[in-house]
Amino acid sequence: MNAKKDYLDIAEYAVGRAKAAGTAAAEACVTDTESTQVTVSGREVEQMNAVKEAGIGVRVMRDGKMAFGSTNDLSRGAVRELVEGLAAKAVYHTADEFNVIPGPEDGTAAGGWPTGADAELGVYDPMVAETPVQDKIRTALRMEAAGLDADPKIAGSMIAFYQDGTTYTYLANSNGVRGWFRQSGCGGGLELSAADADERESGSFTKVVGRFAEFDPEEVGRKAAANAVAMLGARPIASCEVPLVVSPEIGTQILSFVAGMLSADAVQKGRSLFAGKVGTEVGAKGFTLVDDGRLEGGLDTAPVDGEGIPRQTTVLIEKGVLKTFLYDCYCARKGKARSTGNRSRSGYGSMGAVGTTNLYIKPGTASEEEVLAGIDRGFYLTVVLGLFAAIDSASGDFSIPSAGFLIEKGQKTIPVRGVSIGGNLFQLLKDVDTVGGNLTWFQSVASPTFRVRSVAIAGK
Amino acid sequence: MSGKERLTRRAFIGRGAAGLTSIAFSSALLDMLVATTGCKSGPGGSPGWAHLILPEDVLAKAVAALMSKGADFADVYVERAALDSALSDDRKINTTTTIEKGVGLRAVKGGRTFYAYTDSFEPERIWETARYVADAAAAPAASSAPPVVTLAPLASTLSFPIKPLPSEIGVGAKIELLKGLADRAWGGDARVVQVLQLMREIVRQVQIATSSDALINQTLGLTEFIAQTFVKDKEGALQVAWDMRGAYAGRDFFTGENAFEKVVDNSVAKALRLLEAVDSPRGVFPVVFGPGMNGVLFHESCGHGMEADLVFKGSNYKDKIGKPTAAKGVTLVDDGTIPAFPGSYAFDDEGTPSQRTVLIEDGVQRGYLCDITFGKKLGMPSTGNGRRQSFRYPPIPRMRNTFIDKGSTPAAEIVASTKRGIYVGDVGGGGQVDVITGNFMMGVGEGYLIEDGKITRPIKGATVSGMGIEAMKSIDMVGDDLVMFPAAGRCGKMQSAPVGVGMPTVRVRGILVGGKGEAWTDIEGGTK
């Protein structure tokens, strides 16, 4: 799959039709995706799904009113019908003085942006699409086999999949934005069951990388197996209040929640308790949170965001002090700020919203032993269930059904399941007292192991 | 912004950590605002249904092509969908319409599924995709002469009228309705600081042609409304709550307890109660679940573990037919025939008629939820549970409307006989399950303390979690007050599907409650 001038032409055609239909400004985004998914089960292929799909999403603006629509029919007739329909119905929508199709005054890349290998920051690998499907099937089978063969206590696999995707994005608007970029990624996930006498436990591991050659299926297999076997014999512990150590994987999931509250959109609409806190201490001294849209090899790296603003590096929290929020052009106009290049869109059908790019906690220097050192009795968190339902996105209160390990005298000891950890996210950020040096990426979020002074554990 | 928008930036990969098959049931609002797949909008105007139906001979030829290299089973799934939504956010109302079409082609050989889809209705493109799938599924010694397929249309006695059709309502009228509902929420209390409401109407015209010669034409529909309200008190505490309904029907369904106004009022009242709430106590103690939408609890705690694909791979319900998997008195049903309910349909997405399936009868496991492929692997017929999100996906076993049937204990006696515990009004936060261990969780949206047999103060920040079969066996009271709830929830198991739930008042003797409040120990009914 190569860049298709046709698709950029279609995007420009849509913008042109919108102007002809009487709108003041318009933007069109075409995405062209090729992806493969292979699931295997019991060392055999279970399902193979190959996808090629393209579509267009269009925003039109007239009299301060915005309308968005999309279709997977890229014929000129269908695109014209889409655009004219949007122009007609925008009239009914609510006008908003901050609605914007961005132009140079908003910080759009003047004269487009560089495309091609040098400008891609390591986020495109032709082998992701070009590798024959039979090799991808073999990769999935190797991953599952590595897990099944890793330990005699492994009882079976519940899900094992390889998935990849290559997406070309074409963007054009009536204020001079015109260009394209491409991204690719591939990876796999495996969930295994482990059994020992009457005990049954689960363990999983997922890994996504930008280049096909970098994906190590055996690593996923081994780690999923180790995670499952380590949990055998897990028991609840009694309710208590103890220090908490958070694994990098769970750290990334918690970070995603924090980032949601740092969206200027949530702040401006009164949905985030970070409102009015810029310049104040919201976290511990050792806590620095960064969003980097241009990270070399980052899974969510691109030259521009979903509305044509160059991606950038944004320090959100520095040594515990809140520095800024994440902005797109709408929020920037509303908040008298500059866009931070954080308009995310998940394909042609998504109008987009403020979102993170590559998000990470700045690692500290502590080794795993040093993070655990000095904890007489504590909880090492490695598995959470239903995080989206366990953290209140408004108050930050959480009670998270969890599994992990007991920490005794600075050592990880017995596995624990059947507990729930309770606290408040805003307090947790202030209670981070040690940050490890082992920054670990999971998809496009990274966290090191870190320690929290105290949480309330509910148990037997 | 949400985590989902971020993750789907590279939408081709799943998530880990909580178990890959951990299956989430989340509030539709969250899912819809950040729609993970497909489109959110498209051209205005009424969809051209006339263009949908592909001629029978085109479908028959596609089925024949799929079967030409020795497949055991094949089907063609044609879909044209219109998704109309109106979002009211921050006092601003905007609408979108998506038109999506495509054809999914599947061949099953030796229990393996080969699948591809095309967004084209051009016969040549469809046949070409079918040949590609057939090649992928090819058996070494297969004949290359395509079989002759003659399709016979199937009819059903079930019907699900959509009144009015979304296309019959003008954009202006939609916006007026939403404006009134937003004003109602903003006017509900001085402490309201933000209101988000979403109405979504989906109409999917579907054609299924199978290698069993079946031809099905049906129209699936879903109308949903979700209201979310944020409130803030003068001390600066911020709380959010929501309520929602969904139906396989048009707007005319939404009257009485399901009226849009009622949903809005509930979201405001729930949010305000959270401002008065105390931190949930934590520990293992009795929990009484109120009737209706709490049925989501059973969707998570046991329903998923009974889906044939997960049973086959070794879920905690494997090899349990005829064995006790719940307390006596507990009956669990999955019913795809309830009029207007979101999980109902005449035929499932591989052409099997829908039915009412008893899963647990008086505490004993009676059945599983089967599609054709995994039912066969278990040696069981399909129960009509083969569902797909859209033409982009092959069908997999999924729940429909899942509920605990009514019991014999007068509902009022259940709280009255509970000395100390919590009462869960709704599990609006959604939930998740790990089907290997059976470990499930639900976030409590509305909850109260039970003190000396009475519901007292509201609580906040609670989750309930337990281990599937063990929790089902510790149910000690099932009320006589079954309430079916037309939820607008979305169940996400690699694909998303609308489902309904229901239950009477039920007490679980001892289950883990998480919260940041006081640790409760030595409670009657707890582990000690």
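Which residues does A:Val58 touch, not counting residues up to four places away in sequence? Select A:Val58 and show A:Ala14, A:Ala18, A:Ala26, A:Ala28, A:Phe68, A:Gly69, A:Leu82, A:Val83 and A:Leu86. Touching, or contact, requires C-beta atoms, placed from the backbone, within 7 Å.

This is a predicted model, in which local features need pLDDT of at least 70 and side-chain atom pairs count only at pLDDT 80 or more, while totals for chains, interfaces and linings use all residues. Residues are numbered from 1 along each chain as its sequence is written, and chains are lettered from A and ligands numbered from 1 in the order in which they are written.

Buried means 20 or more other C-beta atoms within 10 Å of the residue's own, exposed 12 or fewer, and partly exposed in between. Helices (H or I, at least four residues) and strands (E, at least two) are DSSP runs numbered from the N terminus.

**Between the chains**

Colour by chain: 100 residues of chain A are in contact with 92 residues of chain B. On the chain A side, strand E2 (residues 44-62) gives the most, with nine residues. That side divides into 35 nonpolar, 46 polar and 19 charged residues. Here Ala, Val, Leu, Ile, Met, Phe, Trp, Tyr, Cys and Pro count as nonpolar, Asp, Glu, Lys and Arg as charged, and the others, Gly among them, as polar.

**A helix pair in chain A**

Go to H4(A) (residues 133-148) and H5(A) (residues 217-230), which pack at an angle of about 30° with axes 7 Å apart. That makes the two helices roughly parallel, a class for angles under 35 degrees. Their crossing is right-handed. Residues to display include A:Arg142 and A:Met143 in H4(A), and A:Val220 and A:Arg222 in H5(A). The contact has seven nonpolar, three polar and four charged residues.

**A helix pair in chain B**

Now select H3(B) (residues 56-67) and H4(B) (residues 123-136), with an angle of about 20° and axes 8 Å apart. These helices are therefore also roughly parallel. Among the residues making the contact are B:Ala62 and B:Leu66 of H3(B), and B:Ile126 and B:Trp127 of H4(B). By class, there are 10 nonpolar, no polar and two charged residues.

**B:Met399 and chain B as a whole**

Centre on B:Met399, in the loop between strand E15 (396-397) and strand E16 (401-404) of chain B. B:Met399 is buried, with 27 other C-beta atoms within 10 Å. Beyond four places in sequence, B:Met399 is in contact with B:His299, B:Gly303, B:Asp334, B:Gly343, B:Leu369, B:Cys491 and B:Val499.

Finally, show the whole of chain B, with its 11 helices and 28 strands. Of its 528 residues, 65% are buried. Among contacts in chain B between residues at least 6 apart in sequence, 77% join residues at least 24 apart.

Methods. Axes fitted to C-alpha atoms, helices over the stretch in contact; angles between N-to-C directions. Parallel < 35°, antiparallel > 145°, perpendicular 65-115°, else oblique. Contact = placed C-beta atoms within 7 Å. Left-handed = near helix turned anticlockwise from the far one by under 90°.
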